[in-house]
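Please load the model in your viewer and take the stops below in order, selecting each item as it is named.

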Amino acid sequence: MDKKLSNKKIIASASVLIVILLALFFVYHNFFPKGTEGEKNITVTVITPDHDPTEIKIKTNAEFLRQALDEKNLVQGTMYGDFLMVEEVNGIKAEEGWWWSLTKEGLMLETGVDSTPILDGDHYEFTLTEIN
Amino acid sequence: MKVKDMAVIAMMGAILVTLQVAFAFLPNVELVSLLVILSTLIFKRKTIFILAIFICLEGFIYGLGLWWINYLYIWYILYFICTLFKNERSSWFWAMISGIYGLVYGLLCSIPNIFIGGFGAAFAYWVVGIPFDITHGIANFIITLILFKPLYHILNRLNK
């Protein structure tokens with residue numbers, strides 16, 4: 001009796017696991033930000049407390065911000081899976097207690113450099129920010 | 001609470017932190033989920049205190065960020081789920097539960113983002129993290145399937 005009940009629980013939990021896995025694939029495939037083809041001109045401003053802002057113009061065919069930044073060798077950091085955690089921008093490293101905040105025309109982005117699709121005329125800012 | 005209970009709580013809290021730090025270099029591969037499951041099955045309500053120690057120590061080690069807000073509820077959700085199936089001892093069953101927990105981990109972590117940036121921000125946070133959640137779920141499933149039985153016997157001895 002207990003064995004039967006246990007088997008039912010295993011089958012039920014396996015079904016839930018498979019349904020969730022399929023749902024994740026569906027959501028990721030349909031809702032992950034998509035890039036667009038073609039040439040774009042974007043601007044990246046690097047802002048630090050100690051220096052005047054540096055404006056960098058990038059002409060690129062990249063679909064995502066990361067590729068465009070890499071073309072100018074602008075960012076370095078640590079990879080977590082497929083995503084880059086930005087630790088250095090334009091040769092300036094975020095020391096302990098600081099981080100690079102990424103905004104688009106002043107608004108905090110909901111995505112990282114790898115998952116931010118770019119459009120012609122976009123303006124991004126990397127701001128060296130102290131962790132509160 | 002007996003002295004032995006306090007010793008078990010302190011030791012399990014320390015073990016959780018040690019294993020979390022030891023596996024921190026592997027993104028989304030962790031033993032904490034398995035240990036929370038085992039702790040709930042073996043040490044029962046003591047797990048509430050074990051998790052409190054774990055969460056506080058993690059905050060001391062890594063600093064108090066948004067992730068720490070997640071920690072305040074996310075491990076207790078797993079504890080609560082485990083209490084619902086407290087008589088179940090099948091490693092296959094717990095591997096499934098651990099796998100499901102890993103798959104929905106990002107979704108649960110996105111909850112504070114609703115209050116910070118709205119549903120759009122929380123949804124975006126969750127979607128870009130889905131590959132991590134899938135890795136987390138698969139890793140949890142395998143780790144629990146392999147280690148549930150041996151670790152259960154070791155920890156069960158501590159409770160006698």
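Select helix α5 (residues 91-109) and helix α8 (residues 130-158) of chain B, which pack at an angle of about 155 degrees with their axes 7 Å apart; axes are lines fitted to C-alpha atoms over the stretch in contact, and angles run from 0 to 180 degrees between N-to-C directions. That makes α5(B) roughly antiparallel to α8(B), a label for angles over 145 degrees. The residues of this contact divide into 12 nonpolar, 9 polar and 2 charged.

This is a predicted model, in which local features need pLDDT of at least 70 and side-chain atom pairs count only at pLDDT 80 or more, while totals for chains, interfaces and linings use all residues. Residues are numbered from 1 along each chain as its sequence is written, chains are lettered from A and ligands numbered from 1 in the order in which they are written, and side-chain values use heavy atoms, with hydrogens and water left out.

Next, show chain A beside chain B: the contact takes 23 residues from each of chain B and chain A. The area buried between them is about 2000 Å², of which carbon and sulfur atoms give 83%; buried area is the accessible area (1.4 Å probe) that two parts lose on being put together, summed over both. Colour B:M96, B:L103 and B:V128, which supply 24% of the area that chain B buries against chain A.

Definitions and conventions
Helices (H or I, at least four residues) and strands (E, at least two) are DSSP runs, numbered from the N terminus. Angles under 35 degrees count as roughly parallel, over 145 as roughly antiparallel, 65 to 115 as roughly perpendicular and the rest as oblique. Ala, Val, Leu, Ile, Met, Phe, Trp, Tyr, Cys and Pro count as nonpolar, Asp, Glu, Lys and Arg as charged, and the others, Gly among them, as polar. Contact means heavy atoms within 4.5 Å.
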